[in-house]
Amino acid sequence: MMDYSRDDKLYKEDLKKKIIRLKAKRNAVIIVHNYQRDEIQEIADYSGDSLGLARAAVNTKAEIIVFCGVHFMAESASILNPEKIVLLPVKEAGCPLADMITVAKLRAKKEEFPEAAVVCYVNSSAGVKAESDIACTSSNAIEVVRSIKEKRIIFVPDKNLGRYVQSHVPEKEIILWEGYCPTHLRLTEEDAVKARRNFPGAEFIAHPECRPEVLKLADHICSTKGMFDYAKAADTKEFIIGTESGILYNLRKKNPGKKFHTPTTHLLCANMKLTTLGWVAYSLENLVHKVKVADCVKEKARSTLERMLDITGKTTTKHPL
Ligand code: CIZ
């Protein structure tokens with residue numbers, strides 16, 4: 001039995017070897033969100049945004065999916081793969097944005113606007129998905145909203161993403177929800193101005209969950225997947241990245257000739273950082289924590305996710321170990 005409280009380099013190497021052994025024994029796959037710790041990115045079979053990871057979960061032949069991310073993501077993987085075991089290594093890894101909406105409050109809003117369609121950002125619970133017509137991620141939100149026949153749309157729960165989508169789809173009337181991502185909100189206009197001053201040759205790429213005054217200062221606004229595509233294709237050699245700083249690991253790895261800066265050291269999601277190598281090994285060894293979705297919402301939430309998957313392209317990146 002390993003002492004999971006240790007944190008030295010040799011111990012981490014031992015843990016990685018143990019994870020590889022356990023993965024083979026369990027026929028498991030490790031899928032990792034872009035915002036996870038560097039040490040977790042290093043053991044990823046697949047890394048990406050929630051849309052890419054949802055697709056990876058659907059396509060894998062493995063029997064067990066170890067989902068290194070937060071609860072709503074693992075829940076989506078489980079909904080889309082009812083026959084597979086989905087493990088979330090740290091059961092407390094939640095999402096404050098997803099917690100800013102409840103099923104009861106969404107039902108009340110639907111009663112207020114009965115003619116409106118409901119689009120839910122994937123950062124929401126299975127219950128909220130079950131009450132919605134279609135899901136979206138930040139990489140396909142505009143495409144999803146454009147695809148809807150209704151003119152009025154209740155967009156939940158991120159108001160900054162909703163506002164950003166509205167600016168691209170003026171023909172729709174978007175009713176915003178008062179939710180936000182506390183990590184992205186921590187990036188202030190002052191931080192962005194300072195970063196632009198400190199790195200005058202860099203392009204500033206911001207995530208649509210950022211404040212509108214920050215988005216006004218950006219050269220380019222996109223999802224994490226969009227950030228990988230943009231950084232790779234651009235002639236520019238230096239970038240300021242306005243999203244959770246875990247993304248810097250793979251941006252740097254995939255673009256060795258380019259420089260990436262965080263505009264502030266505060267862009268850390270505490271929930272994303274809960275997952276460690278120790279927890280992944282523990283999770284595989286003890287088959288915990290199994291993510292289960294209540295039968296009463298599973299089917300409805302699945303249709304909401306599948307409607308999104310049906311209209312958007314393939315986005316997963318494979319990282320062989
Ligand atoms: O969709 C995701 O995974 C999130 C939370 C952000 C992004 O832009 O990828």
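This is a predicted model: local features need pLDDT of at least 70, side-chain atom pairs count only at pLDDT 80 or more; totals for chains, interfaces and linings use all residues.

Student: Fine. Which residues are around the ligand?

Tutor: The residues around the ligand are His33, Tyr35, Asp49, Ser50, Tyr121, Thr137, Ser138, His207, Ser223 and Thr224.

Student: How does that shell divide into nonpolar, polar and charged?

Tutor: Two residues of the shell are nonpolar, seven are polar and one is charged.

Student: What lies 2.6 Å from an oxygen atom of the ligand?

Tutor: That is a polar side-chain atom of His33. Ser138 also has a polar side-chain atom by a ligand oxygen, at 2.7 Å. For Ser50, a backbone N or O atom lies 2.7 Å from an oxygen atom of the ligand.

Student: And how much of the ligand's accessible area does the protein cover?

Tutor: On its own the ligand has 270 Å² of accessible area, and the protein covers 98% of that.

Student: Where does the ligand sit?

Tutor: In the largest pocket.

Student: Changing topic. What is the strand order in the open sheet of four strands?

Tutor: The order is S10-S9-S11-S12, and the pairing is parallel. Strand S10 (220-221) and strand S12 (259-261) are the edge strands, each pairing on one side only.

Student: How many bridges are there between S11 and S12?

Tutor: Three, in the parallel sense, with strand S11 covering residues 238-242. As for who faces whom, Ile240 stands opposite His261 in S12.

Student: On to the backbone. Which peptide bond has omega near -15 degrees?

Tutor: The bond from Val156 to Pro157, which is cis. Pro157 is in the loop between strand S7 (152-156) and helix H8 (159-168). Another cis bond runs from Val288 to His289, with omega near -10 degrees.

Student: Where is His289?

Tutor: In the loop between helix H14 (277-286) and helix H15 (295-311).

Terms used. Residues are numbered from 1 along each chain as its sequence is written. Side-chain values use heavy atoms; hydrogens and water are left out. A residue is near a molecule or strand if one of its heavy atoms lies within 4 Å of it. A polar contact is a pair of N or O atoms within 3.5 Å; within protein, one must be able to donate a hydrogen and the other to accept it, and residues adjacent in sequence count only if both atoms are side-chain atoms. Accessible areas come from the Shrake-Rupley method with a 1.4 Å probe; for residues, only the protein chains shown count as cover. On a 1 Å grid over the protein atoms alone, a cavity is a set of points where a 1.4 Å probe fits but cannot get out, and a pocket is an open set with protein on both sides within 12 Å along at least five of seven lines; lining residues have an atom within 4 Å of a point. A molecule sits in a cavity or pocket if more than half of its atoms lie within 2 Å of its grid points. Ala, Val, Leu, Ile, Met, Phe, Trp, Tyr, Cys and Pro count as nonpolar, Asp, Glu, Lys and Arg as charged, and the others, Gly among them, as polar. Two strands pair if DSSP finds at least two bridges between them. Helices (H or I, at least four residues) and strands (E, at least two) are DSSP runs, numbered from the N terminus.
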